[in-house]
Amino acid sequence: MLKSALLTLVIILMTFFKGYSIGTDAQIGAREVSLGNASVALISTFSVFHNQAALARIKGVSAAIDYRQPFLIEGYSDKALAVVVPTTLLSFAFGIDQKGLPDYHETSLGIAMARNFGEKFSAGLQFDYFMMDFPEQGRSRGTCFIELGLLYQPKPTVMIGVHIFNPSNAFIESINFISRLPVIASGGISFKPTDRLLIATAGDYTFNSQPIVSLGVEYLFSERFSIRCGLSGVPVHHSAGIGYKWSVFAIDFAMFHHQSLGYTPSFSFILNF
């Protein structure tokens with residue numbers, strides 16, 4: 001019980017004093033993590049957590065799960081599920097992410113819709129509910145907010161993405177303190193100079209914090225196997241990963257390194273119908 005309580009305290013302190021903002025889902029998806037989280041201009045099932053406009057570019061039903069163990073802390077995990085269902089008018093998606101310890105959790109639920117406007121523009125909107133535990137009260141509290149995304153494809157090899165997280169500046173109030181979800185504006189570009197090479201860049205600006213710049217590179221050795229690496233943040237954080245596709249299945253693995261807190265392994269499994 002003492003060990004569990006200490007781990008819970010570590011996670012809470014890490015959240016509020018180390019800069020790991022509540023309610024953010026920047027490290028969901030092993031492919032995205034391995035590319036330095038430069039994901040705002042990528043098309044993926046996990047775009048429900050990064051840029052909802054990209055969901056409009058997914059042609060078939062898709063489902064994905066993600067699991068990671070932040071900094072290899074025993075008992076600390078982050079689990080996510082995403083489902084995308086395109087229709088003739090709109091693409092719909094559902095996402096859920098839960099992170100924490102047995103005695104402390106943060107849970108995010110999102111329902112998104114996205115649509116293409118011609119061949120070059122896409123837009124997306126998501127309604128979210130975020131809930132967190134308050135161990136001192138023995139209960140949970142939550143709040144609602146939205147996310148907005150835009151995607152522009154000026155050329156077949158170039159994607160430009162913009163995303164705004166929590167423009168309403170939502171917060172959760174407990175007995176002892178107010179927990180504010182960050183307001184984050186993101187923009188980025190993905191570029192494919194060849195069929196086998198992808199370069200992704202992104203910049204995230206959180207109000208009252210320093211901007212974070214990310215860069216990722218993906219190389220396809222074959223139609224099935226790919227290798228990736230990425231850089232992000234100041235100081236620089238490193239990431240790397242591999243991916244394998246077979247038929248309708250895709251499996252991705254990534255390893256993210258924080259210079260102070262250590263390594264975080266991440267696994268993803270995607271099914272495309």
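**Asp252 and Arg228.** I started with this pair in the predicted model. The side chains of Asp252 and Arg228 form a salt bridge, 3.0 Å from N to O. Asp252 sits in strand 15 (residues 249-258) and Arg228 in strand 13, so the contact ties together parts 24 residues apart in sequence. I looked up burial next: Asp252 and Arg228 are both buried.

**Arg228 and Glu218.** I then followed Arg228 to Glu218. These side chains also meet in a salt bridge, at 2.5 Å from N to O. Glu218 belongs to strand 12 and Arg228 to strand 13 (residues 225-232), ten residues apart. I noted relative accessibility for each. Glu218 has 5% and counts as buried because the cut-off is under 20%. Arg228, at 6%, is buried too.

**Glu218 and Arg31.** I checked Glu218 for another partner. Arg31 forms a salt bridge with Glu218, with the closest N and O atoms 3.0 Å apart. This pair links distant parts of the chain: Arg31 is in helix 2 (residues 30-34), Glu218 in strand 12 (residues 212-220), and 187 residues separate them. Arg31 and Glu218 are both buried.

**Network.** I put the pairs together. Arg31, Glu218, Arg228 and Asp252 are linked in a network of salt bridges. I count five salt bridges in the structure.

Which residues lie closest to the centre of the second largest pocket? I looked up its volume, about 790 Å³. Of its 41 lining residues, Arg31, Ile43, Ser44, Glu218 and Lys245 are the closest to the centre. I recorded the lining as 19 nonpolar, eleven polar and eleven charged residues.

How values were computed. Residues are numbered from 1 along each chain as its sequence is written. This is a predicted model: local features need pLDDT of at least 70, side-chain atom pairs count only at pLDDT 80 or more; totals for chains, interfaces and linings use all residues. Side-chain values use heavy atoms; hydrogens and water are left out. On a 1 Å grid over the protein atoms alone, a cavity is a set of points where a 1.4 Å probe fits but cannot get out, and a pocket is an open set with protein on both sides within 12 Å along at least five of seven lines; lining residues have an atom within 4 Å of a point. Grid points are joined across faces, edges and corners, and a volume is the space filled by probe spheres set on the points. Ala, Val, Leu, Ile, Met, Phe, Trp, Tyr, Cys and Pro count as nonpolar, Asp, Glu, Lys and Arg as charged, and the others, Gly among them, as polar. A salt bridge is a side-chain nitrogen of Lys or Arg within 4 Å of a carboxyl oxygen of Asp or Glu. Helices (H or I, at least four residues) and strands (E, at least two) are DSSP runs, numbered from the N terminus. Buried means under 20% relative accessible area, exposed over 50%, partly exposed in between (1.4 Å probe, protein chains only).
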